[in-house]
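Open the model in your viewer and keep the sequence panel beside it. This tour tells you what to select, stop by stop.

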Amino acid sequence: MPRLAVYALVVCLLAVAAAVVSFVEGSVLIGVVWVLLAGLSSNMTWYYIRRARAAGPDTPATN
């Protein structure tokens, strides 16, 4: 898996955890912002994975 995809996945997981904490504490607006950030980073993860697959197995996908 490309390095940027791993970073985006970590950001996604942390944003989901932050959203859960925000909703539990009653801060709905901040929770919605965390959910949006999780969605954005999830899309970035899929983008980097698909880009690495399209580049082929002989091309290093370390970008």
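**Stop 1: the packing face**

Start with the buried residues of helix 2, which pack against helix 1. Here contact means heavy atoms within 4.5 Å. This is a predicted model, where local features need pLDDT of at least 70, side-chain atom pairs count only at pLDDT 80 or more, and totals for chains, interfaces and linings use all residues. Residues are numbered from 1 along each chain as its sequence is written, and side-chain values use heavy atoms, with hydrogens and water left out.

Select G31, A38, S41, T45, Y48, I49 and A52: these are the buried residues of helix 2. Buried means under 20% relative accessible area, exposed over 50%, partly exposed in between (1.4 Å probe, protein chains only). Helices (H or I, at least four residues) are DSSP runs, numbered from the N terminus.

Now switch to the partner. In helix 1, the buried residues are A5, A8, C12, A15, A19 and S22. They pack against helix 2.

**Stop 2: the helix pair**

Two packed helices are described by the angle between their axes and the distance between the axes. Select residues 3-25 for helix 1 and residues 28-55 for helix 2. Their axes come within 8 Å and cross at roughly 160°. That makes helix 1 roughly antiparallel to helix 2. Angles under 35 degrees count as roughly parallel, over 145 as roughly antiparallel, 65 to 115 as roughly perpendicular and the rest as oblique. Axes are lines fitted to C-alpha atoms, for helices over the stretch in contact, and angles run from 0 to 180 degrees between N-to-C directions.

What kinds of residue make up the contact of helix 1 with helix 2? There are 21 nonpolar, five polar and no charged. Ala, Val, Leu, Ile, Met, Phe, Trp, Tyr, Cys and Pro count as nonpolar, Asp, Glu, Lys and Arg as charged, and the others, Gly among them, as polar.

**Stop 3: helix ends**

Helix 1 has 23 residues and reaches 33 Å from its first C-alpha to its last, close to the 33 Å expected at 1.5 Å a residue.

**Stop 4: G31**

Zoom in on G31, in helix 2. G31 counts as buried because its relative accessibility is 0%. Leaving aside residues up to four places away in sequence, G31 touches A19, S22 and F23. Finish with a C-alpha to C-alpha distance: G31 and V21 are 7.9 Å apart in space and 10 residues apart in sequence.

Key: Helices (H or I, at least four residues) and strands (E, at least two) are DSSP runs, numbered from the N terminus. The expected span of a helix is 1.5 Å times one less than its number of residues.
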